[in-house]
2 protein chains.
Amino acid sequence: MQDIPTFQDIQKAHKTIAPHIHRTPVMTSMNINQLAGAELFFKCENFQKVGAFKYRGATNAVLSLGAQDAGNGVATHSSGNHAAALALAARNRGIKCFVVMPRTAPKPKIDAVRHYGAEITFCEPTLKSREETLETIVSRTGATVVHPYDNFRVICGQGTAAKELLEEFPDLDSIFAPVGGGGLLSGTALAAKSMKPSIRVYGCEPANADDACRSFRTGQLLPSVNPKTIADGLLTSLSERTFTVIRAHVDDIFTVSEESILQAMLLVWQRMKIIIEPSSAVALAALLDNHLNFKGERSGIILSGGNVDLLNLPFRAG
Amino acid sequence: MQDIPTFQDIQKAHKTIAPHIHRTPVMTSMNINQLAGAELFFKCENFQKVGAFKYRGATNAVLSLGAQDAGNGVATHSSGNHAAALALAARNRGIKCFVVMPRTAPKPKIDAVRHYGAEITFCEPTLKSREETLETIVSRTGATVVHPYDNFRVICGQGTAAKELLEEFPDLDSIFAPVGGGGLLSGTALAAKSMKPSIRVYGCEPANADDACRSFRTGQLLPSVNPKTIADGLLTSLSERTFTVIRAHVDDIFTVSEESILQAMLLVWQRMKIIIEPSSAVALAALLDNHLNFKGERSGIILSGGNVDLLNLPFRAG
């Protein structure tokens, strides 16, 4: 069994990262409340540095390194928000960051990682090539690998978003968070259940990438099989560690259709005038799809990020 | 000469409307500060009710009516944010609102006005038809016409956005606001120069709708001629009243290209993760185009609104 953070670990992480992250605002929308028949509190991690909650975990991982390890830098293979987050966290500590990305990664993502000063190594777009390339870099540099979610310090960092939300609104009945690899959801559940044992915590994922839901229902860790969803941050599979936390502390996992995700995303853009990525819309979509079960509740929604390609949006006229 | 508000009038308006409007947040972006070489403070009226500063002026106009006048309702001809703002302000006071709109108005705008409970009368898409139709409605109902900007109470209400901004950040060197009919700009200038006489106030408009700039330069009120710009809130011409205030209290008027507007809008969406309409981007575009003249300044930018048709965005790939 791998190490599972306690609430004390999350508190310590929060002390570590607080001077470096944004304490993001919590927004509300009377309009969406009316639609939901509930009172919703949106924790806006789209306003976090690098535009995603990932900066919390990456910063905690980077700042938790001893001086000697830090001197060798950090490394990851990722094409998403975690790579940008790790790159910026490393730059802010003045250490190196090595990122392995598939040659096929979208240019805006490559540009973001490069913008934050990471050294990028391109590989073939297969998990095998990613892992082998990362291994080569690590043996050459001695860099510490920071996994996007299967990492103790990363989970502690991600849990600080829910901690802030509950510090500000202690009387929430439930919290909805998206689940991909489970770093955010397990951190959220650990923090929320420690702060308020009666709170319910729900994971939310695309029906087209429903490995967490299937794993949760069967009690067996099942991988993501050919996931295909606009919620591109939620394609990954749970790890043993995140699955252990989720089984122990999460109340249920909801799946939502692509159409529900798109409608929830459009709703937030239109009514709240903020930009969220499809992965963030999954949590609101789950609440709206199941709103009859949450009438009159006070629910927290973790808006995980706001990085979208504005020149290639999923909205269609008509 | 028509009545010009004093700062006392704006203070009174603020007391009147404060319980009914959002005190909108002021946001900053390190990233955009770096690009501008200045410290920018964005007053987020895109988060105002109905998604635009117009709700301030409309609310002040509606709440300033005596009981008897109020009983007859309010009326306007508009196809934009003012109509939606007046409709909601009227509904909140429990009075009628009559809106004249051209048959050709975009469906989302018609829907918004209807959503807020106004009675819509369609007319031909000409100023003549609009005015005649409005006159017919007024003579039938006795409703009070609330002009979108050539109105004492409306100007007072619009000035409260700059008042809030300066209350929160009293040491600004300058404020940039978009100018269409001049309600926002004249309210901004009246409030800002009263609170801090040394502050500079700049109007910002599309080069393709540069009537305010030409009027300012020549000292003669010149109409908008065939304006064509994505900043669809800035197509209107100044009135005698707003021109008088602008000549007296505004330091300069900048014009910007369509390309600059689009780039500034994209920048705010990408870096700040908030949705602003093209008219709002005009103020940032003016500052960025002229950034060499504002190095190291602390500048306020009024983001006037966030109502865009998300199914028909101006961004293009490539």
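In chain A of this predicted model, four strands form an open sheet in the order β5-β4-β3-β6, with parallel pairing, where two strands count as paired if DSSP finds at least two bridges between them. The edge strands of this sheet are β5 (119-123) and β6 (144-145) of chain A, each of which pairs on one side only. Helices (H or I, at least four residues) and strands (E, at least two) are DSSP runs, numbered from the N terminus. Residues are numbered from 1 along each chain as its sequence is written, while chains are lettered from A and ligands numbered from 1 in the order in which they are written. Local features need pLDDT of at least 70 and side-chain atom pairs count only at pLDDT 80 or more, whereas totals for chains, interfaces and linings use all residues, and side-chain values use heavy atoms, with hydrogens and water left out.

**The parallel sheet of chain A**

- Strand β3 (residues 74-77) and strand β4 (residues 97-102) of chain A pair in the parallel sense over 4 bridges, and the bridge partner of A:V74 in β4(A) is A:C97.
- Helix α6 (residues 107-115) of chain A lies across β4 and β5 of chain A and runs at about 150 degrees to β5(A); axes are lines fitted to C-alpha atoms, for helices over the stretch in contact, and angles run from 0 to 180 degrees between N-to-C directions.

**The mixed sheet of chain B**

- In chain B, 6 strands form an open sheet in the order β1-β2-β10-β7-β8-β9, and the pairing is mixed.
- At the edges of this sheet stand β1 (26-27) and β9 (252-256) of chain B, each pairing on one side only.
- Strand β7 (residues 174-178) of chain B runs parallel to strand β10 (residues 298-303) of chain B and is joined to it by 3 bridges, with B:I301 in β10(B) as the bridge partner of B:F176.
- Helix α9 (residues 183-195) of chain B packs on the sheet, touching β7, β8 (200-206) and β10 of chain B, and its direction makes about 170 degrees with that of β8(B).
- Helix α8 (residues 152-168) of chain B lies across β1, β2 (39-44), β7 and β10 of chain B, running at about 135 degrees to β2(B).

**Symmetry of the two copies**

- Chain B can be laid on chain A with an RMSD of 0.0 Å by a turn of 180 degrees and a shift of 0.0 Å along the axis, the superposition being by least squares on the C-alpha atoms of residues with pLDDT of at least 70 in both.
- The two copies are thus related as by a two-fold rotation axis, and in chain B the C-alpha nearest the axis, at 2.1 Å from it, is that of B:I274.

**The interface**

- In contact (heavy atoms within 4.5 Å) are 23 residues of chain B and 23 residues of chain A.
- Chain B and chain A bury about 1,800 Å² between them, 71% of it on carbon and sulfur atoms; buried area is the accessible area (1.4 Å probe) that two parts lose on being put together, summed over both.
- B:K273, B:L310 and B:L311 supply 37% of the area that chain B buries against chain A, more than any other three residues.
- Between chain B and chain A the count is 0 salt bridges, a salt bridge being a side-chain nitrogen of Lys or Arg within 4 Å of a carboxyl oxygen of Asp or Glu.

**Salt bridges**

- Over all chains, the structure holds 32 salt bridges.
- One of them joins A:E45 and A:R56, whose closest N and O atoms are 2.7 Å apart.
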